[in-house]
Amino acid sequence: ASFEKSEPEQTKPKNEESIDSLLDEINIFATNIKTLFVATNTFGPQLTNAFCAKSGALPSSVTKQGSQLINTNGYAINVAGHDSHFTITYTGLSAKTCAQLLANYHKVDFLYNAITTHNETCEGSCENKSCKITFFGK
């Protein structure tokens, strides 16, 4: 299978949060995962961080460090497969980034829902870059 690898050039420094580049990264992830499982449409427990890394499904902005996936902004990413859907979880987001992703995730192909650690808002303990958002795709 042929996978997407790179995002459009960023106009901001790599360590600065960019919603457009994050949405591009998430879109590449979702597209590549869907490509891997297009024949069965059943994702199952074999869809893991290690499987994504081994199969070449990681966007160029994401690397595998031990059992974790980390993007260029330093966010921890976890990919998991379930019977009829998959999840992509980003951890370590600021409240602002979390809220922007929550408001814009619908722009990404194959995603149908997103939840955060704070009941659909990005408030509370997210103040110290501790927010987590999970995207659901199928």
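Which strands does helix H3 (residues 95-104) lie across? In this predicted model, where local features need pLDDT of at least 70, side-chain atom pairs count only at pLDDT 80 or more, and totals for chains, interfaces and linings use all residues, H3 lies across S4, S5 and S6 and runs at about 20° to S6. Residues are numbered from 1 along each chain as its sequence is written, and side-chain values use heavy atoms, with hydrogens and water left out.

**Sheet**
- The 6 strands form an open sheet in the order S1-S2-S3-S4-S6-S5 with antiparallel pairing, where helices (H or I, at least four residues) and strands (E, at least two) are DSSP runs numbered from the N terminus, and pairing requires at least two DSSP bridges between two strands.
- Strand S1 (62-65) and strand S5 (111-116) are at the edges with a single partner strand each, so one side of each is left without a neighbour in the sheet.
- Strand S3 (residues 76-81) pairs with strand S4 (residues 86-93) in the antiparallel sense over 6 bridges, and Ile-77 has Tyr-90 in S4 as its bridge partner.

**Helices**
- Helix H1 (residues 19-36) packs on the sheet, touching S1, strand S2 (68-71), S3, S4, S5 and strand S6 (131-137), with contact meaning heavy atoms within 4.5 Å.
- The axes of H1 and H3 come within 10 Å and cross at roughly 55°, axes being lines fitted to C-alpha atoms, for helices over the stretch in contact, and angles running from 0 to 180 degrees between N-to-C directions.
- The contact is made by Ile-19, Leu-22, Leu-23 and Ile-26 of H1 and Thr-97, Gln-100, Leu-101 and Asn-104 of H3.
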